[in-house]
Amino acid sequence: MPTSPDATDHAFEVWAPRPRRVRLWLDGAVHAMRRDADDWWRVTTPAAPGARYGYLLDDDETVLPDPRSPRQPDGVHAPSALIPEAEGPHWAGRELRGEVVYELHIGTFTPDGTFDAAIDRLPYLRDLGVGFVQVMPVNAFNGEHGWGYDGVGWYAVHEPYGGPSGLERFVAAAHHRGLGVLLDVVHNHLGPSGNYLGRFGPYETDGANTWGRTINLSGEDSAEVRRFLLDDVAWWLRRYGVDGLRLDAVHALVDDSDRHLLEDAAALAARLSVELGRPLALVAESDLNDPRLVTPAGLGGYGLTAQWNDDVHHAIHTIVSGERQGYYADFGSPECLAAVLTAGFFHAGTYSSFRGRVHGERIDPARVAPSQLLAYTCTHDQVGNRARGDRPSEYLTDGQLAVKAALVLFSAFTPMLFMGEEWGARTPFRFFTSHPEPELARATAEGRKAEFAEHGWPPGEVPDPQDPETFAVSHLDWAEPTRPEHARLLATYRDLIALRRDSALAADDLRAVTCDHPGDASWFAVHRGDLTLIVNFRSVPVTAPFTGSPVLFWDAASIGGTATTVPGHSFVVLRRRS
């Protein structure tokens, strides 16, 4: 085939210890490859950006995509494509800790479900007071739409969202508006469709976690697998200029090495931060309540920037909503809420009835700052992993939603919002998939119903993930925030974020946070500096023994000389008198 005039010499290389022969397929031509002693196969030949390529293993004439494919324009089963070089961002970056993070799903954030459509909403996020946008996984997966956690092209960008160039435009547009970008990445398993890595080498083990086979982090030939993951971390930070990564479910990373992969990842991010001249963050999602994740490496930890803290969500949600099912069973008391707001974790070497064992470790405030914990009232998990994907706005009053927001945004933690919560979005966020394979589609739907049947939800109440309507109803309705019934809650979120930014609430010390309550779940007070937040969990007014000048409130409180009466399902922030 004729060579493109834009073609230049390109070094193709792939790690493949399993096959006896590897050939490069490039735009229909086949090239022999050389196997080096390190089990990497290499060849250099002219190629242009956009050229389709892949690999032929042994005598099989099926073209397999590159394990490190930067683009899959025709889907995860098709050949890969080269992409142009990129310069990287031209901005100084910003520190994550203490900023307001906004989690969104590109496919449902806007009606079009693309990076370019999401760009049009960035001015809204900037005006809301957001500092970072956290994007749910966008690496390549099979099908048109899904949550993204079943990706198989870890270096590629999902084409229906806009592909690599779309992500580049999104990151550049966010930076132009002063917003940082966090990208959710999944390294604990591979998706069920389009995973060809096992043909090349031992990327997976015989063990399994909740979602699939575990990744080979400490077995035979694991050094190259670890390199594969660490290079993926560097790829997103350097090539696309994102400001940090959210590392999905790190408790499912099985690593028996002397040095955990997460410590290597944190050290890598620190080196890249110096090289690129801007702050970089690695944020772990973990089920372990283990402060080692964010403890500095020099003090015996892994050195990650921050981690999600589900205990804060559970403590706030249960005391406001009254729900106690499943893993909520141990939560819901004012003592529990006080514990998480002043100590970080509720389960910190304490018995977890849901797990049937002692769980978690205590946080040493001298080693871990509260801003290293992300706190939230909603996430994709805490909404989408309910049977119907119903948001709290479906079953709580606006006043209760405001109370939840106040507790998170007044806290010492790094707050995170989930798209639409700030105006009390009425659209659900459901679990949706679009597996083309009928068997996989059927298994996903049946597995979802069986999972929720164990928690008491009738199968008929669980939407079919494969039903196009399940995906369609999960899109945000951007007409909602312009309507009067949503305006008040949206204004309250803006005011709480502004209060956080303009007051002493940025102080990064759990020891400076104190809580009071009457012993029951009526009123609850949080003190930070000279400010006191009083929330009323009940539907009728309650009186708390604190007074001061009102700074912010949901409903006007009655402030006396020694006490304040707060209306039902409401909150007030007072500046205490000397």
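## Basis

This is a predicted model, in which local features need pLDDT of at least 70 and side-chain atom pairs count only at pLDDT 80 or more, while totals for chains, interfaces and linings use all residues. Residues are numbered from 1 along each chain as its sequence is written, and side-chain values use heavy atoms, with hydrogens and water left out.

## Packing of α11 and α14

Helix α11 (residues 398-409) packs against helix α14 (residues 484-502) at an angle of about 15°, and their axes lie 10 Å apart. The two are therefore roughly parallel to each other (angles under 35 degrees count as such). On the α11 side the contact (heavy atoms within 4.5 Å) is made by Asp398, Leu401, Ala402, Ala405, Ala406, Val408 and Leu409, and on the α14 side by Glu485, Leu489, Tyr493, Leu496, Ile497 and Arg500. By class, this contact has 10 nonpolar, no polar and three charged residues.

## Cavities

Seven cavities of 30 Å³ or more are found in a search of the whole structure, a cavity being a set of points on a 1 Å grid where a 1.4 Å probe fits but cannot get out. The largest cavity holds about 110 Å³ of space, and its lining (residues with an atom within 4 Å of a point) includes Pro65, Asp66, Val152, Tyr196 and Phe200. That lining divides into seven nonpolar, four polar and one charged residue.

## Second largest pocket

The second largest pocket (an open set with protein on both sides within 12 Å along at least five of seven lines) has a volume of about 760 Å³. Of its 26 lining residues, His10, Arg68, Pro70, Glu85 and Trp235 are the closest to the centre.

Definitions and conventions. Axes are lines fitted to C-alpha atoms, for helices over the stretch in contact, and angles run from 0 to 180 degrees between N-to-C directions. Helices (H or I, at least four residues) and strands (E, at least two) are DSSP runs, numbered from the N terminus. Angles under 35 degrees count as roughly parallel, over 145 as roughly antiparallel, 65 to 115 as roughly perpendicular and the rest as oblique. Ala, Val, Leu, Ile, Met, Phe, Trp, Tyr, Cys and Pro count as nonpolar, Asp, Glu, Lys and Arg as charged, and the others, Gly among them, as polar. Grid points are joined across faces, edges and corners, and a volume is the space filled by probe spheres set on the points.
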